[in-house]
Amino acid sequence: MKTEQQPLPRVGITRCSQVGDYVASIQKAGGKPIVLDYDADPHRTIHDIDGLVLTGGADVDPSRYGESRHPATSVDDARDTFEFEIAERALARNLPVLAICRGMQLLNVAAGGDLVQDIPSQLQTPLDHTVDSSPAVVAHKVRIERASLLARIVKNPAQLETCDVNSRHHQSVRTVAPGFSVSATSPDGVIEGIENRDASFCVGVQWHPENFHRTGEFDSLFESFVDACRQR
Ligand code: MN
């Protein structure tokens, strides 16, 4: 005899060039992925999802945080317009948000923070944050803040508070948005994780956990997010 099955939590994933790994990660964690195109109506879309994944891609337009564009910054207006609208609605409704790479940067700007526009030219760092030889190659370590939600989710006892991550970004969070705190930092001080601990689930990571769905290093991150979506 089978009990009645609960519908799977519906997870909106903003369209990006490598959306397949995000879809696979959400499916593996027990969610129903819904890929959101930039011409979707944000008013309607927000009612059709139980949580939002903000994905990787081009840079956020610096005019969003009152700066002119650095020569290395490249933007996508249609994408910014849709993603800011859907992100602001998700934040206002306390909908679970998992924000990855560009997604974390967009989340920080949407919530009132700003960004380093180009790490190589603006920060003195010996670390290479743009290692794109292979999606899941480890680029550097991050130190996870002991008191963070992220630490409770992804802490690997074998690595104590540090964790190996991939890295394909030339921008990073500079001023953390009000209400948010830093949850992860690379050895050179670049902010690699932010979260709002007062929210239902609002976590940003600068690396790409979705590239590890075959090997499972960050399964618990997607599972915790989908669990939060299920509570809606
Ligand atoms: Mn990095």
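Which residues have the most contacts inside the largest nonpolar core? They are Leu98, Leu150, Leu221 and Phe225, in a core of 33 residues. The model described here is predicted.

**The cores**

In soluble globular proteins, nonpolar side chains tend to be buried together. The largest share is six residues, and it comes from α7.

Phe225 shows how such a residue is packed. Leaving out residues up to four places away in sequence, Phe225 touches Val11, Ile26, Gly51, Leu52, Val53, Pro96, Val97, Leu98 and Phe201. A separate core of 27 residues lies apart from the largest one. Met104, Leu106, Leu107 and Cys202 are among its members.

**Helix α1**

Is α1 mostly enclosed or open? Seven of its ten residues are buried, so α1 is largely enclosed by the rest of the structure. The buried ones are Val19, Asp21, Tyr22, Val23, Ala24, Ser25 and Ile26. Their cover includes β1, β2 (32-36), β3 (51-54), β4 and α7. After α1 comes Gly30, with a positive phi near 95°.

**The manganese site**

| Donor residue | Donor atom | Distance from the manganese ion |
|---|---|---|
| His129 | ND1 | 2.3 Å |
| His140 | NE2 | 2.3 Å |
| Ser167 | OG | 2.3 Å |
| His169 | NE2 | 2.3 Å |
| Glu192 | OE | 2.3 Å |

In sequence, the spacing of these donors reads H-x10-H-x26-S-x1-H-x22-E. His140 sits in strand β7 (residues 140-144) and Ser167 in strand β9 (residues 167-168), so this pair ties together parts that are 27 residues apart in sequence. His140 and Ser167 are both buried.

**The largest pocket**

Rolling a probe the size of a water molecule over the atoms shows where empty space is left. The largest pocket holds about 310 Å³ of space. It is lined by 20 residues. Gly56, Gly57, Cys101, Arg168 and His208 are the closest to its centre. What classes of residue make up the lining? There are four nonpolar, eleven polar and five charged residues.

Note on methods:
Residues numbered from 1 in each chain as written. Predicted model: local features only at pLDDT ≥ 70, side-chain atom pairs only at ≥ 80, totals over all residues. Heavy atoms only, no water. Donors = N, O, S within 2.8 Å, 3.2 Å for Na, K, Ca; no water. Helix = DSSP H or I, 4+ residues; strand = E, 2+ residues; numbered from the N terminus. Buried < 20%, exposed > 50% of the residue type's maximum accessible area, 1.4 Å probe, protein only. 1 Å grid on protein atoms, 1.4 Å probe; cavity = no way out; pocket = protein on both sides within 12 Å on 5 of 7 lines; lining within 4 Å. Points joined across faces, edges and corners; volume = space filled by probe spheres on them. Nonpolar A, V, L, I, M, F, W, Y, C, P; charged D, E, K, R; others polar. Core = buried A, V, L, I, M, F, W, Y, C linked by side-chain atoms within 4.5 Å. Contact = heavy atoms within 4.5 Å.
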